Structures are given as structure tokens and as C-alpha cells.
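Student: I would like to go through this structure term by term. Please set each value against its definition before concluding.

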Amino acid sequence: MRALMHHTFGEPADVLTLVEQETDEPGPGEVRVRTALAAIHNHDLWTVRGTYGYRPELPARSGTEAVGVIDAVGPDVQGLRVGQRVSSAGAFGVWAESFIARAAALVPVPDEVSDETAAQWISMPFSALSLVDSLGAEEGDWIVQNAANGAVGRLVVPFAAARGIRVLGLVRRSAAVDELTAAGIADVVATDSADWQERAAEIIGGATVRAAVDSVGGQAAGDLVSLLSDAGTLVVFGSMGEPNLSLPTGDIIFRQLTVRGFWGSRVSKDMDAATGTRLMGELVTRISSGEVSLPVEEIFPAAEIADAVRANARAGRAGKVLLRF
């Protein structure tokens, strides 16, 4: 089989190559999945660069989320069969023609869900849903987020709305406001406008801003703090812009603000089974019904990984970039 591999850490477009490997056989409790489509996530690219919280031993395969069809079942596997379509976001190295996954971590895909949706419906959507669920916001509260035009930013909105929570989104380009409006997402402000804080306060209208989600870093995190209500929480989700935060010490002390991190992989690992089952059920229901949509920007053959990586970085991208195997 062919798999995308890298022998050094570096820019994915430069170091990822498609190589021939032996096809793995599933062990006890495992299955082998023949890959149809796989998603490109930012954390996959950070892993290839060596800048993520997980650094694989080299040479390493890549990718963490895919949809495919089971073509081999190991011993002691129950409830899954050869020929069944499944999604995986718990296996590493799924950017390959086939991969091995723990049977218990696979999600069966209903017939009404397309491969394009099933290739991306766990990792980012589950992170967005568990993030919203963890914020402590109540019906009528507001949360604020930057990178509102990113994959998670777009998904936070419908999951929050289902709980009666309003979302104010911040973006760095005025054009991104129009892009989100076209996607049906309102209450978005561009921080490249001189009066963006006044506009944000006008939208919130004096309501409680329970939490803010930062995916950018630097001064952008401090901008979020300026919008938080007293005793609010700043949740650090990512660092797309800068690796450090610029925060007003006085606000944190005198307004009794809390700053904490959110890493989806760790949160999912530590989550109790009842909460995980509840959130996964909600996720599948909302996506299957079409209430939450997962658009695709473009699909590339795996051999064109460099072009796919460049497409993933394109400004204004409205959907996920996928790889076909």
C-alpha cells in the first residue's frame, strides 16, 4: 500500500512523500480500514512540522481523521464487519491507502452521511462541541471568539445556538465578515476597523460575556479579555498568530478573570464515558440532520499533497481540504 510519510520534521509541502509500505494486519481488538477520504487538519500539519503537543518517532506517517471501509477484522472484535463504512479520528497515520484502528474507537457511518462529511465529522466538530459544553455559559449568555472564520469557529456557532448561547465572532479581515454572512453566520466584527470594540459592545448590548475563546495569541487574546464580563474565562484553544499571549494583568487581577487551556485530544481522553456518549450522540444527530454542515473546499489525490497543503493555507477558505486514496 501507499502512505504519506516524512523522514524529518519540516514544512509539510516539502517533507511529505507518498511511499510504498507493507500492508499491516489487524491485531486483537483492531480492524483494518481501506481509506476513501482523509481530512487535512491544522494539527496534522503542526505534527509534521514538529510543533504540536505530540511528536512521533521518525520516519512517521501522517493524518488523524479519515473515512473508509473495513477490509479486515482482527480477533475479539464485535459489532463491526468487513465491508462496513466507518470513520476514525483516534488512529494516527491515516493518510494511507489503509490503516489500523482500534475497533472501539471507530464510528459507523449512516448511509445518509456522505464520505465528504464523514471524513471530517469527528475531530473538529467534536472539539467545537466539547468546547462549547465546557464553557459554563448559560442560555442568554454570550461567548466571544476570534478566528471565527476557521473550522472550529464556524462550528461553535450552531452548537452554542442550540443551547441558547449567543456568539460574537472576531475576524482579522473585513472581507471575512462578508464570507461568514454568506454562510449564514451573523454577529461578526472585523478587528481591522478602528471602531471594532464599539461595534462589538453594541452587538452584545450589555449582556454577560461568560467566556472568550482565543485561537490566535498575541494581542488578539488581550482584545478578547477587554470584552469579557467580570469573573469570565479566557480559554486558549490555539496560537495561529503568535505563540505567546499579551494579556492585561490588571484586568485579570481586579476583574477576577480565569485563563485556561483547551486541548481537544486531552479533553476527549479525560472525558467521562457518559459525557462522551452524550456529546457524540448530539454530534451525529445534528450533522446527520443537516443542522450542522461541513463544507468541502477541495479534494486532492494523495500524490498531490504539496498542492493540498497550500490550498489548506489559502485565505478565505470556506471548507475542509480532503485527500483521496
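Student: Which residues are buried in α4?

Tutor: This is a predicted model, in which local features need pLDDT of at least 70 and side-chain atom pairs count only at pLDDT 80 or more, while totals for chains, interfaces and linings use all residues. Residues are numbered from 1 along each chain as its sequence is written, and side-chain values use heavy atoms, with hydrogens and water left out. In α4, the buried residues are S123, M124, P125, F126, S127, A128, L129, S130, L131 and V132. Buried means under 20% relative accessible area, exposed means over 50%, and partly exposed is in between (1.4 Å probe, protein chains only). Helices (H or I, at least four residues) and strands (E, at least two) are DSSP runs, numbered from the N terminus.

Student: What makes α4 largely enclosed by the rest of the structure?

Tutor: Of its 12 residues, 10 are buried, so α4 is largely enclosed by the rest of the structure.

Student: Which residues have the most contacts inside the largest nonpolar core?

Tutor: A nonpolar core is a set of buried Ala, Val, Leu, Ile, Met, Phe, Trp, Tyr and Cys residues joined through side-chain atoms within 4.5 Å. The largest has 37 residues, and those with the most contacts inside it are W121, L131, L135, I143, L155, V156 and F159. At least two residues of this core come from each of β3 (30-39), α4 (123-134), α5 (151-161), β12 (209-214) and α11 (273-288). The most is given by α4, with six residues. Apart from this core lies another, of 28 residues, among them L16, V31, I70 and A308.

Student: Which residues does L135 contact, leaving aside its neighbours within four places in sequence?

Tutor: L135 is in contact with I143, R210, A211, V213, V235 and R260.

Student: How do you know that the buried residues of α6 are on the same side?

Tutor: In α6 (residues 174-182), the buried residues are A176, V177 and L180. They cover an arc of only 110 degrees around the axis, which puts them on the same side of α6. The arc is that of the directions from the helix axis to the C-beta atoms. An α-helix has 3.6 residues a turn, so residues three or four places apart point the same way. The buried residues of α6 pack against α5, β10 (166-171) and β11 (188-190), while the face turned away from the buried side carries the exposed residues D178, T181 and A182.

Student: Why is H6 called buried?

Tutor: H6 lies in strand β1 (residues 2-6). Its relative accessible area is 0%, which is under 20%, so H6 is buried. Leaving aside neighbours within four places in sequence, the contacts of H6 include V15, L58 and P59.

Student: What makes the pair formed by H6 and T8 a polar contact?

Tutor: A polar contact is a pair of N or O atoms within 3.5 Å; within protein, one must be able to donate a hydrogen and the other to accept it, and residues adjacent in sequence count only if both atoms are side-chain atoms. The backbone oxygen of T8 lies 3.1 Å from a polar atom of the side chain of H6.

Conventions: Contact means heavy atoms within 4.5 Å.
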